[in-house]
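Please look through the notes below alongside the model. They are grouped by topic and can be read in any order.

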Amino acid sequence: VDRDDRESGDEGDEAGMLGGSAKKPGPASSGRRAAADRADDGEVGYSVDDGGEDADQRSDNDDDDYDDDTYDESGGVRAAPTAGSGADETLLQAFIRTSFRNRSLAVVCLAGFCANFETGMAWGLIASWARDGIRIGGRQRDFFTGCYSFLKGFSQLVAGMISDRIGRRAPMSAGLIGGAVALVIAATGAGFHGRVLIGLAPVDDIKELQFGYLVLSGVLLGLSTGLMYPVLAAAAADHAPEGRLAGTIGTVRFWRDLGYAMGMPIAVLADAASPETA
């Protein structure tokens with residue numbers, strides 16, 4: 001019975017082909033048949049997939065697709081730029097948003113301003129005051145500025161690592177408070193001829209104690225400024241809207257570097273009143 005069915009099926013296929021009603025083989029079956037013939041002939045490197053293409057050729061085509069700008073490194077389709085990616089924000093809008101509207105970024109701008117203001121005070125006003133007001137020699141002044149600069153650089157490395165673990169608020173708060181305390185120590189310990197913290201003492205002892213308080217203020221000021229410096233950019237990046245990072249950091253750095261310019265009115269105040277008051 002099976003032989004008769006096969007014979008009848010073959011006769012039907014032949015009749016259909018003669019009559020033009022047989023279905024022509026599609027490109028997929030043709031590709032599979034060609035690849036099978038190559039494999040039967042002993043050729044290596046040919047395999048058949050569902051679409052009838054060679055696997056090697058399909059792999060080459062996939063590599064070409066990933067090289068296109070439409071795909072990212074993981075093979076996914078790149079997201080098209082959105083309207084809120086920062087291209088539609090003007091310079092004035094970015095400045096107002098970072099400086100005033102976003103309270104977190106406004107605090108970062110203020111902290112950056114104070115950080116460079118303290119740096120300008122250490123390198124400018126305090127060093128000049130130590131030379132002209134306290135009559136401290138050049139080597140002692142260099143030691144003061146060296147303590148400030150070294151500890152500022154060292155504390156930046158530590159503060160950056162700590163802020164990644166405990167957050168940005170604690171290092172920035174400690175830096176602001178420590179800087180204020182350092183300036184008070186410099187004014188009351190080394191200033192006013194030592195009468196505030198030192199009291200009555202021989203002249204030579206007063207000079208040494210004034211220098212000691214000055215160094216103490218420089219050490220504390222360097223540590224405090226270094227606590228804020230690396231955290232400022234990280235905090236700005238944390239609170240920047242998506243696609244507007246460069247404008248946010250640019251505004252924060254503007255306020256930070258503006259702290260240097262604050263030395264001019266402070267110098268005018270020091271000449272009009274006294275360095276301790278400034």
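Is Arg 256 buried or exposed?

1. Arg 256 is buried in this predicted model. The relative accessible area of Arg 256 is 13%, which is below the 20% cut-off, so the residue counts as buried. Arg 256 sits in helix H9. Leaving aside residues up to four places away in sequence, Arg 256 touches Gly 112, Phe 113, Asn 116, Tyr 229 and Leu 232.

2. Arg 256 also has a charged partner. A salt bridge joins Arg 256 to Asp 257, with 3.4 Å between the closest N and O atoms. The two partners fall into separate accessibility classes: Arg 256 is buried at 13%, and Asp 257 is partly exposed at 34%. In general terms, side chains of opposite charge can pair when their charged atoms come close.

3. Asp 88 is partly exposed, its relative accessible area being 46%.

4. How many salt bridges does a search of the whole structure find? The search returns seven. Another of the pairs is Arg 168 with Asp 164, where the closest N and O atoms are 3.0 Å apart. Asp 164 is exposed, with a relative accessible area of 58%.

5. On the overall fold, the protein has ten helices and zero strands. Along the sequence the pattern reads α-α-α-α-α-α-α-α-α-α. Of the contacts with a separation of 6 or more, 72% are between residues 24 or more positions apart. Buried residues account for 29% of the 278 residues. The accessible surface is about 17,300 Å², and carbon and sulfur atoms contribute 57% of that area.

6. Which residues touch the most other members in the largest nonpolar core? They are Val 108, Ala 111, Met 172, Leu 232 and Val 252, in a core of 13 residues. H5 and helix H8 (203–239) each supply at least two residues of this core. H8 gives the largest share, six residues. Apart from this core lies another, of twelve residues, including Trp 129, Cys 147, Ala 186 and Leu 214. As a general point, nonpolar side chains in soluble globular proteins tend to be buried together.

7. Val 252 touches Thr 98, Val 108, Cys 109 and Ala 236, with residues up to four places away in sequence not counted. Leu 232, also in the largest core, is among the residues that Arg 256 touches.

8. Helix H4 (residues 91–101) has Ala 94, Arg 97, Thr 98 and Ser 99 buried. The cover over the buried residues of H4 includes helix H5 (103–132) and helix H9 (245–261).

9. Ile 166 belongs to helix H6 (residues 138–166). Ile 166 is exposed, with a relative accessible area of 58%. An α-helix has 3.6 residues a turn, so residues three or four places apart point the same way.

10. Where does Ala 278 lie? Ala 278 is in the segment after helix H10 (263–272). Ala 278 is partly exposed at 22% relative accessible area. The C-alpha atoms of Ala 278 and Pro 265 are 9.4 Å apart in space, for residues 13 apart in sequence. Beyond residues up to four places away in sequence, Ala 278 touches Met 121, Leu 125, Ile 266, Leu 269 and Ala 270.

11. On cysteines, a search of the whole structure finds zero disulfides. Cys 114 is partly exposed, with a relative accessible area of 22%, whereas Cys 147 counts as buried at 17%.

Methods:
Residues are numbered from 1 along each chain as its sequence is written. This is a predicted model: local features need pLDDT of at least 70, side-chain atom pairs count only at pLDDT 80 or more; totals for chains, interfaces and linings use all residues. Side-chain values use heavy atoms; hydrogens and water are left out. Buried means under 20% relative accessible area, exposed over 50%, partly exposed in between (1.4 Å probe, protein chains only). Helices (H or I, at least four residues) and strands (E, at least two) are DSSP runs, numbered from the N terminus. Contact means heavy atoms within 4.5 Å. A disulfide is a pair of cysteine sulfur atoms within 2.5 Å. A nonpolar core is a set of buried Ala, Val, Leu, Ile, Met, Phe, Trp, Tyr and Cys residues joined through side-chain atoms within 4.5 Å. Accessible areas come from the Shrake-Rupley method with a 1.4 Å probe; for residues, only the protein chains shown count as cover. A salt bridge is a side-chain nitrogen of Lys or Arg within 4 Å of a carboxyl oxygen of Asp or Glu.
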